[in-house]
Amino acid sequence: MTVESTAARKPRRSGAKRTSAGNAKKKPAGQTDLVQLLTPEGERVEHPEYAIDLTPDELRGLYRDMVLTRRFDAEATTLQRQGELGLWASLLGQEAAQIGSGRALNDSDYVFPTYREHGVAWCRGVDPTNLLGMFRGVNHGGWDPNSNNFHLYTIVIGSQTLHATGYAMGVAKDGADSAVIAYFGDGASSQGDVAESFTFAAVYNAPVVFFCQNNQWAISEPTERQTRVPLYQRAQGFGFPGVRVDGNDVLACLAVTKAALERARTGQGPMLIEAFTYRMGAHTTSDDPTRYRSAEERELWETKDPIQRLHTYLTKQGLADEEFFAGLEEESGVLAKRVRDAVRAMPDPDDLAMFEHTYADGHALVDEERAQFAAYQASFVTAEEGI
């Protein structure tokens with residue numbers, strides 16, 4: 001199954017737009033399963049199991065990471081609209097989940113991403129421009145996975161959880177003091193690959209953290225059409241713990257992921273983190289979310305914006321001034337220009353390259369398809385010359 005999952009793309013019935021903000025059952029006041037350290041209003045709160053103490057520099061660093069990641073993501077979306085990229089999967093709204101978890105990693109930990117973990121890639125030191133070659137069609141991934149312990153993007157939904165689990169089993173056999181983290185979405189949680197990964201991770205006590213970014217929409221399918229219980233509770237059936245964290249709270253995501261990774265490193269086995277967040281944009285640039293969800297739902301989640309809540313906290317606490325924010329805005333502009341220049345300097349995709357690496361020794365059917373496609377492409381040149 002690819003990014004544009006046929007099953008997930010099934011249209012919803014007319015008039016069936018969902019207006020609720022989530023699928024979790026409401027609890028009495030004061031009771032919640034959600035780990036939160038920074039409220040949407042920018043107020044610090046405590047949690048009995050997860051705590052974190054960061055310096056002002058570290059807090060400003062998290063804010064910078066989120067702002068620059070969002071700016072890069074916006075530029076990539078614009079470049080796709082301008083025809084420079086074939087497709088783009090935006091992370092808009094999920095910056096806290098990715099930066100918080102990404103900054104929890106040790107250098108020796110290994111990451112297995114999907115195709116939307118641009119913020120985690122930033123935390124691992126992958127040059128943002130290297131993420132774009134695949135979406136332009138000029139390479140199969142623009143970085144060496146072992147240089148940053150950050151695997152290439154995985155398009156097949158859920159398969160990276162198998163890769164991560166197998167790698168973690170190897171880490172355990174090697175006796176290494178490191179952990180593995182696998183990212184996937186709420187839609188991927190319905191895949192058999194994920195269930196198999198949970199089984200093997202539990203049985204072999206693999207040092208792996210499963211990080212599910214529940215952005216509540218698997219393309220056009222809401223979470224309540226995929227599960228009857230909150231996603232984090234699924235871990236119980238496989239024999240390891242699960243926790244739900246406010247995915248728009250960068251501090252909570254950092255604290256919970258640090259604890260889960262340390263648990264894995266010390267031989268206590270796997271853990272599932274469900275980062276409860278929201279996909280503010282389209283599933284990809286080929287998607288139109290207005291066809292299946294309401295404007296009111298998005299407006300509700302705009303009040304929980306992960307960047308704004310940390311901005312509010314930094315300002316209220318006197319931890320960042322206008323000079324800091326102005327400097328960051330300037331840095332964002334420099335990054336955006338570098339991204340634009342890098343993409344426009346890339347070569348045009350080779351239209352026939354996709355046929356070259358399907359079979360090692362060639363295949364008659366592929367040869368036939370290549371010839372047909374080449375003739376189709378040539379017909380456009382012929383038509384233009386005839387004008």
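Colleague: Is the crossing of α6 and α7 left-handed or right-handed?

Modeller: This is a predicted model. In it, α6 and α7 cross in the left-handed sense.

Colleague: At what angle do helix α6 and helix α7 pack, and how far apart are their axes?

Modeller: The angle between α6 (residues 159-174) and α7 (residues 192-203) is about 15°, and the axes lie 7 Å apart. Angles under 35 degrees count as roughly parallel. The two helices are therefore roughly parallel to each other.

Colleague: Which residues make the contact?

Modeller: From α6, S159, T161, L162, T165 and M169. From α7, D193, V194, E196, S197, F200 and A201. By class, the contact has five nonpolar, four polar and two charged residues.

Colleague: Now the sheet. How do strands pair?

Modeller: Strands of a sheet pair through backbone hydrogen bonds, in a parallel or an antiparallel way. Here six strands form an open sheet with parallel pairing, in the order β1-β7-β8-β4-β3-β2.

Colleague: Which strands stand at the edges?

Modeller: β1 (34-35) and β2 (110-112). Each has a single partner strand, so one side of each has no neighbour in the sheet.

Colleague: How many bridges join β3 and β4?

Modeller: Six bridges, in the parallel sense, link β3 (residues 180-185) with β4 (residues 208-214).

Colleague: What should helix α1 span?

Modeller: Take 1.5 Å a residue: the 26 residues of α1 (residues 56-81) should span 38 Å. The end C-alpha atoms are 38 Å apart, which agrees. After α1 comes G83, with a positive phi near 85°.

Conventions
Residues numbered from 1 in each chain as written. Predicted model: local features only at pLDDT ≥ 70, side-chain atom pairs only at ≥ 80, totals over all residues. Heavy atoms only, no water. Helix = DSSP H or I, 4+ residues; strand = E, 2+ residues; numbered from the N terminus. Expected span 1.5 Å × (residues − 1). Axes fitted to C-alpha atoms, helices over the stretch in contact; angles between N-to-C directions. Parallel < 35°, antiparallel > 145°, perpendicular 65-115°, else oblique. Left-handed = near helix turned anticlockwise from the far one by under 90°. Contact = heavy atoms within 4.5 Å. Nonpolar A, V, L, I, M, F, W, Y, C, P; charged D, E, K, R; others polar. Pairing = 2+ DSSP bridges.
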